[in-house]
Amino acid sequence: MKLVIRLFILCSWNSLVYSQDSMVVPKDHSMPQNGICAHRGANETHPENTLAAFAEAIRLGAQMIEFDVQMTKDNQLVIMHDEKVNRTTNGRGLVGSLSLKKIKKLDAGKWKSRRFKRERVPTLKEALDIMPKNIWLNIHLKGDEQLGAATAEAVIAANRIHQAVIACNNEASKGVRQVNPNIMMCNMERLSTRAEYIDETIKKGFAFLQIKSSRDDENMLADLKKLKENGIKVNYFHSEEEGRVKELLDAGVNFILTDRLSDMLDAFSKAN
């Protein structure tokens, strides 16, 4: 029986309200093999790491959505990149020093535009609830073993194990594996060289690896070939250049993280 996910967005000048609208998901939840990843959602036009940014990324057709998870003072999981709420809300303080109740009172949208006034910081559950079942969820953890375990439990509870890729360091990965060793992870434990990073990713059985554009690409083709031979998918962080999309895909990159989602999706469509 086909699962129907409803996503409906009601936008007004002062607020955004979310429910579900129809989207038919394949029985086998077949996943895209490559594409464009919306970094913190559609953050070029919408406030990053919010339901508004995720809904726009879904509307535009992103094949993967990346977002960041942290734990509050009362051990709740919220979506935010920075350690502090200062930059992307009207509040102040460390995420880990604030309760969920306090964080939920903050405005997480007005800093971007008055259109998004009263947009709230979402919980991980709220974010998962609006996601289609047939796109990748790149869940970047900003925390330790406890956060890894709690996130793994949330992914399982939401029935998202087929599409969730938990991007984390070695410490957080221990928590993920304790809950379920079959959950896919992206190795975010950086080493001094890309060669060491690749070898460690293969050795520890990670499903994904994230190549950084800031590192030397001299041996990238050979590196990508080695990763493919070991069945590891590759995220590329990051590119805002439409002209590089086909080049990166042809080289063997699976998903390109970007802040210019609409333009990069257009380039991806033309490259296929």
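**Notes on the predicted model**

1. Let's start with a pocket: α3 is the element that contributes most to the lining of the second largest pocket, giving four residues. A pocket here is an open set of points on a 1 Å grid over the protein atoms alone, where a 1.4 Å probe fits and protein lies on both sides within 12 Å along at least five of seven lines; lining residues have an atom within 4 Å of a point. Helices (H or I, at least four residues) and strands (E, at least two) are DSSP runs, numbered from the N terminus.

2. Before going on, a word on what you're looking at. This is a predicted model, in which local features need pLDDT of at least 70 and side-chain atom pairs count only at pLDDT 80 or more, while totals for chains, interfaces and linings use all residues. Residues are numbered from 1 along each chain as its sequence is written, and side-chain values use heavy atoms, with hydrogens and water left out.

3. Back to that pocket. Its lining is made up of Asn75, Leu77, Thr123, Leu124, Lys125, Leu128, Asp129, Ala150, Ala154, Ala157 and Ala158. Two elements, α3 (124–130) and α4 (145–157), each give two or more residues to this lining.

4. How far can you trust the chain? The mean pLDDT (the predictor's confidence in each residue, from 0 to 100) is 90, and 89% of the residues reach 70 or more. Where pLDDT is low, the predicted coordinates should not be read in detail.

5. Helix α5 (residues 170–179) has Ala172, Ser173, Gly175 and Val176 buried, meaning under 20% relative accessible area, with exposed over 50% and partly exposed in between (1.4 Å probe, protein chains only). Look down the axis of α5 and these buried residues fall within an arc of 155°, so they line one face of the helix. The arc is taken from the directions from the helix axis to the C-beta atoms. The packing partners of the buried residues of α5 are β8 (136–141), α4, β9 (164–168) and β10 (184–187).

6. What about helix α9 (residues 261–271): which residues are buried? They are Leu261, Met264, Leu265, Ala267 and Phe268. Seen down the axis of α9, they fall within an arc of 160°, so one face of the helix is lined by them. Turned away from this buried side is a face of α9 that carries the exposed residues Ser269 and Lys270. The buried residues of α9 pack against β5 (35–39), α1 (51–60), α8 (245–251) and β13 (255–258).

7. Threonine 88 sits in the loop between β7 and α2 (100–104). With 7% relative accessibility, threonine 88 counts as buried. Leaving aside residues up to four places away in sequence, threonine 88 touches Glu48, Met80, Asp107, Ala108 and Trp111.

8. Phenylalanine 237 and histidine 238 are joined by a cis peptide bond, with omega about 0°; histidine 238 lies in the loop between β12 (233–237) and α8.

9. Asparagine 49, in the loop between β5 and α1, is buried with a relative accessible area of 3%. Arginine 118, in the loop between α2 and α3, is partly exposed at 43%.

Notes:
Contact means heavy atoms within 4.5 Å.
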